[in-house]
Amino acid sequence: MSASARPCLDREISSKKLNQMETNIPDPQTQIAQVEAAVEVIRKITQLRPRAGLILGTGLGQLTEEIKVTHRIPYESIPHFPVSTVKSHRGEFLFGTLKGVQVACMKGRVHLYEGYSARQVTFPVRVMANLGIDSLLVSNACGCMNPDYQRGDVMLLSDHINLQGVNPLVGPNVDEWGPRFPDMSEPYDPNLRQYAMQVAQAHSIQLHEGVYVSVLGPSLETRAEYKFLRTIGADVVGMSTTPEVTVARHMNLRVMAVSVITDECFPESLQPLTLEHVIAAAGLAEPKLSAIMAGVVEKLGHE
Ligand code: HPA
């Protein structure tokens with residue numbers, strides 16, 4: 001077939017895909033209206049003005065017991081809010097005070113692997129920002145490739161690598177929320193990281209600092225993939241966090257994130273992994289995570 005007779009398939013497909021993408025993503029005014037609708041429902045239930053937003057990952061809900069909760073709002077009752085489908089995640093928003101600081105706490109989050117878009121996954125962060133938080137504290141469960149780490153350890157994120165193949169900011173930019181090309185030279189706030197280190201030291205908790213790489217999941221990685229992830233500079237791997245952090249930075253929130261290491265991903269000694277194992281390890285490390293998160297919130301109250 002001559003070049004001129006060849007149907008221009010590539011171009012047709014890519015422009016069709018582009019159209020689909022564009023029609024799937026609500027325009028900026030609709031996105032703003034959806035967030036405002038969610039905020040309005042929450043405001044009718046609670047007048048609390050959270051200073052910090054907390055996101056608690058897989059098996060990491062214990063911290064909620066330290067929060068003096070004034071309101072519990074199930075995700076289902078908030079318009080446009082994505083609802084967790086994973087059994088281990090309870091999907092509710094808690095409002096109250098932690099160490100005297102007003103907080104909004106997400107007990108359970110949704111993941112890309114559940115089929116939600118990156119935009120839907122990060123909708124709650126938009127809502128929390130519109131409720132007035134200035135700091136977002138995130139936790140997650142992850143596997144470690146760094147041989148100096150072990151199951152049950154905790155790691156403060158110094159940086160991340162997004163290998164999920166998607167970015168929640170794709171599509172028309174909502175200029176009211178942030179810039180088209182948000183800077184990511186320092187996604188994790190140096191002051192909050194310092195607070196976390198101080199709290200860890202005060203509690204004699206060993207807190208690693210390292211790089212988190214996010215993958216799509218839900219399958220775990222092969223030995224070859226873990227080797228690759230280590231080679232590209234990651235210390236731990238998980239299936240969450242980078243979408244929320246990206247959106248938080250888009251809105252200029254301060255961000256801190258802590259990973260709980262639930263499994264060791266050393267290619268030479270890799271063991272099959274189950275969700276039960278992940279949750280058991282998360283439970284082991286939970287007191288350390290809770291102490292760090294609560295301690296950092298307390299320091300926010302003293303700023
Ligand atoms: N890989 C990806 N996500 C994870 C892992 C892992 O090994 N462990 C817990 N979450």
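## Helix α5 against helix α8

α5 passes α8 in a right-handed crossing. In this predicted model, the two axes come within 9 Å and cross at roughly 120 degrees. The helices in question span residues 190-202 for α5 and residues 275-301 for α8. Angles of 65 to 115 degrees would count as roughly perpendicular, and those over 145 as roughly antiparallel, so α5 and α8 end up oblique to each other.

Who does the touching? On the α5 side, the contact is made by L192, Y195, A196, V199 and A200. Facing them from α8 are A291, I292, G295, V296 and K299. Sorted by class, this contact of α5 with α8 has eight nonpolar residues, plus one polar and one charged.

## Helix α2 against helix α4

There's another helix pair to look at: α2 (residues 28-45) and α4 (residues 123-131), whose axes come within 9 Å and cross at roughly 60 degrees. Roughly parallel would need an angle under 35 degrees, and roughly perpendicular starts at 65, so α2 and α4 are oblique to each other too. The crossing of α2 and α4 is right-handed.

Here V35, A38, V39 and I42 of α2 meet R126, V127, N130 and L131 of α4. By class, the contact of α2 with α4 comes out as six nonpolar residues, one polar and one charged.

## Around the ligand

Which residues come nearest to the ligand? Out of the 13 residues around the ligand, the nearest are A141, G143, V237, G238 and M239. β5 gives the most, with three residues.

A couple of backbone details are worth a click in the viewer. G217 and P218 are joined by a cis peptide bond, with omega at about 0 degrees. To find P218, go to the loop between β7 (207-214) and α6 (223-231).

The other detail is K99: this residue isn't a glycine, yet K99 has a positive phi of about 50 degrees. K99 also sits in a loop, this one between β3 (92-98) and β4 (101-107).

## The whole chain

Stepping back, the protein chain holds eight helices and nine strands. Its radius of gyration is 20 Å, close to the 19 Å that the globule rule gives for 303 residues, so the chain is as compact as a globular protein of that length.

What box do the C-alpha atoms of the protein chain fill? Taken along the principal axes, the box is roughly 75 × 55 × 35 Å.

Key:
Residues numbered from 1 in each chain as written. Predicted model: local features only at pLDDT ≥ 70, side-chain atom pairs only at ≥ 80, totals over all residues. Near = placed C-beta within 6 Å. Helix = DSSP H or I, 4+ residues; strand = E, 2+ residues; numbered from the N terminus. Axes fitted to C-alpha atoms, helices over the stretch in contact; angles between N-to-C directions. Left-handed = near helix turned anticlockwise from the far one by under 90°. Contact = placed C-beta atoms within 7 Å. Nonpolar A, V, L, I, M, F, W, Y, C, P; charged D, E, K, R; others polar. Rg over C-alpha atoms; globule rule 2.2 N^0.38 Å.
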